[in-house]
Amino acid sequence: MEDNAPLLVVVDAANVVGSVPDGWWRDRRGAAERLRDRLAADGVPGLDGPAEIVLVVEGAARGVDSVPGVRVESAPGSGDDHMVELVARAGDDRPVLVVTADRELRRRVAELGARVAGPRTVRPG
């Protein structure tokens, strides 16, 4: 692994947004945009060094635009499958952190060498 490779942070938008019952289900796209904006403003609390943040959206949240500091990727199918693909593409060349509470997704990306963290990592409360 390269010492200077920036950390790739892959955020499961649906899972993180769904972790707080604040009415997100009434406007899934708006909830994903608010998460994107929070990540762009605050990054990932507690991380040292450079990071590339990728927010993966699916379903009704597809089409959310990227902003400086956060690349948004609309999963063409399963958001979980897309996140696994992103981790696999990163290979052993860079460290990866996947933010989700989904147990099966956590297992799949951990098998590829990614670290995992829960939604509170990026969305306290």
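A nonpolar core is taken here as a set of buried Ala, Val, Leu, Ile, Met, Phe, Trp, Tyr and Cys residues joined through side-chain atoms within 4.5 Å, where buried means under 20% relative accessible area, exposed over 50%, and partly exposed in between (1.4 Å probe, protein chains only). The model is predicted, with local features requiring pLDDT of at least 70 and side-chain atom pairs counting only at pLDDT 80 or more, while totals for chains, interfaces and linings use all residues. Residues are numbered from 1 along each chain as its sequence is written, and side-chain values use heavy atoms, with hydrogens and water left out.

The largest nonpolar core comprises 23 residues, and those with the most contacts inside it are Val-9, Val-11, Leu-35, Leu-39, Leu-55 and Val-122. Two or more residues are given to this core by each of β1 (7-12), α1 (13-17), α2 (28-42), β2 (51-57), β3 (70-74) and β4 (96-99), these elements being DSSP runs numbered from the N terminus (helices H or I, at least four residues; strands E, at least two). The largest share, 4 residues, comes from α2. Apart from this core lies another, of 15 residues, including Val-87, Ala-90, Val-98 and Ala-114.

Strand β3 also contains Glu-73, which counts as buried because its relative accessibility is 16%. The side chain of Glu-73 makes a polar contact (a pair of N or O atoms within 3.5 Å; within protein, one must be able to donate a hydrogen and the other to accept it, and residues adjacent in sequence count only if both atoms are side-chain atoms) with the side chain of His-82, at 2.5 Å.
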